[in-house]
Amino acid sequence: MEALLSSTTPFQTHRLSSLRPSFPPSSLSISERRSRGRIGGRIQARKRPLLRVSASPQSTPSSVETIATGSEIPSKMKAWVYDEYGAASVLRFDEGVSVPAVKEDQVLVKVVAAALNPVDFKRRLGKFKATDSPLPTVPGYDVAGIVVKVGSQVQNFKEGDEVYGDVNEKALENPKQFGSLAEYTAVEEKLLAIKPKNLDFIQAAALPLAIETAYEGLEKAGFSAGKSILVLGGAGGVGSLVIQLAKQVYGASKVAATSSTGKLEFLKSLGADLPIDYTKENIDELPEKFDVIYDAVGQCEKAVKAVKEGGSVVVLTGPVSPPGFRFVVTSDGAVLTKLNPFLESGKVKPIVDPKGPFPFSQVIEAFSYLETGRATGKVVVHPMP
């Protein structure tokens, strides 16, 4: 089974002085937050009512909307739906989809922005129909929005909180029937994190699945300070974040990355020390070897020839050859919380494809563009209805 995963202007990056991933005390797991946040047996609630939100790529309000909370939540919502597997044309706009019920451990999120990933169209094509949820499906994994209702067991979020996350804990195993390409989506508390203060909803929506995939792959590869890495597909949604995490969070000694000719300067702006034009150079003939290869494009057979003896090759798609390994990301809000300080400091930046964001009315066009394989960073959908 195939794995899942595969703007802003170029960004300058700054090397961390830390030699290992080091997360500030504010980056706590949910259990730690629960234990430290209690006063008299109750969780501290931030007194920050927020019923009006804005989102724009320049962080200047271009649209402001009122968020319904509590009893004001409608019973029906607008959403994109497909009733059968197939091309993007199977998607249809539906104004009468039921707002999903909220379970005890979930929150209901008013979606402000959503983003598309390769897993979205692979799911729509029926690539893992045997483990998919029943049709019809409201697609969408990545979400950024406002909490408008909380389940009885939720302890870390309240109405008005600005959150982001990947709504499906296991991407290929029974993903939600009601995803993020809708006005509302119900999400488990453990899958979400508070949105970084410096990011708007468009930027935040571009992050969850891709940054969690980048991070988990580096962790599984045993990447650490002083090691070198080659990223295949460095301009894509996952690859662009692997470059930044390797450089800014882990303290890589050298980051090399591949792209087409026109995106080499973009790779440099992300922090790549050695941008490689895959149209002119063969990675299996490079003069140097790397401790880790992160293959986001499906070239494992070539990648294994560029890795040092004893090194690791992370594979997201295509056939796997030793020492390559494949994994499927697990959505985890605690990972986002750990990485929030690096996002808020600007050391790691979301990359939104410059053709977007695509308005909610153009979801079919957004899917079609993603499926060309030419996107830089993430394809984002905003504004929502």
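**Close-up 1. Strand S12, enclosed on both faces.** Strand S12 (residues 228-232) has five of its five residues buried, so the rest of the structure largely encloses it. Here, buried means under 20% relative accessible area, exposed means over 50%, and partly exposed is in between, with a 1.4 Å probe and protein chains only. Strands (E, at least two residues) and helices (H or I, at least four) are DSSP runs, numbered from the N terminus. The model shown is predicted: local features need pLDDT of at least 70 and side-chain atom pairs count only at pLDDT 80 or more, while totals for chains, interfaces and linings use all residues. Residues are numbered from 1 along each chain as its sequence is written, and side-chain values use heavy atoms, with hydrogens and water left out. Looking along S12, you will find Ser228, Leu230 and Leu232 pointing one way and Ile229 and Val231 the other way, all of them buried.

**Close-up 2. The neighbours of S12 in the sheet.** Two strands pair if DSSP finds at least two bridges between them. S12 is joined by four bridges to strand S13 (residues 254-259), and the two run parallel. Leu230 stands opposite Ala256 in S13. To get from S12 to S13 the chain passes through helix H5 (residues 239-249), and this β-α-β crossover is right-handed; that is, with the strands pointing away from the viewer, the path from the first strand over the helix to the second runs clockwise. S12 also has four bridges to strand S15 (residues 290-295), again in a parallel arrangement. There, Leu230 has Ile293 as its bridge partner.

**Close-up 3. Helix H8 and its two ends.** The expected span of a helix is 1.5 Å times one less than its number of residues. For the twelve residues of H8 (residues 333-344) that gives 16 Å, and the end C-alpha atoms are 16 Å apart, which agrees. Ten of the twelve residues are buried, leaving H8 mostly covered; among them are Val335, Leu336, Leu339, Phe342 and Leu343. At the start of H8, look for a side-chain oxygen of Asp332 that comes within 2.9 Å of the backbone nitrogen of Ala334. Just after H8, Gly346 has a positive phi of about 85°.

Close-up 4. H4 is mostly covered, with eleven of its 13 residues buried. The buried residues include Glu212 and Glu216, along with Leu209, Ile211 and Tyr215. Just after the helix, Gly222 takes a positive phi of about 70°.

Close-up 5. Rings of Phe, Tyr and Trp (its six-membered ring) pair if their centres lie within 6.5 Å; planes under 30 degrees apart count as stacked, over 60 as edge-to-face and the rest as tilted. The count comes to seven aromatic pairs. Trp80 and Phe360 have ring centres 6.3 Å apart and planes at 65°, so they make an edge-to-face pair. Trp80 belongs to strand S5 (residues 76-81) and Phe360 to the loop between H8 and helix H9 (363-370), so the pair ties together parts 280 residues apart in sequence. Trp80 and Phe360 are both buried. In the pair of Phe358 and Tyr369, the ring centres are 6.0 Å apart and the planes at 35°, so this one is tilted. Phe358 lies in the loop between H8 and H9 and Tyr369 in helix H9, eleven residues apart. Phe358 and Tyr369 are both buried too. Trp80, Phe93 and Phe360 form one aromatic cluster.

**Close-up 6. Two lysines over aromatic rings.** A charge sits over a ring if NZ of Lys or CZ of Arg is within 6 Å of the ring centre and within 35 degrees of the ring normal. The charged end of Lys110 is over the ring of Tyr184, 5.8 Å from its centre. Lys195 lies over the face of Phe201, 5.0 Å from the ring centre.

Close-up 7. Ala171 is in the loop between strand S9 (162-166) and strand S10 (184-188), and is buried at a relative accessible area of 1%. Pro354 lies in the loop between H8 and H9 and counts as exposed at 55% relative accessibility.

Terms used
Polar contact = N/O pair within 3.5 Å; in protein donor to acceptor, adjacent residues only side chain to side chain.
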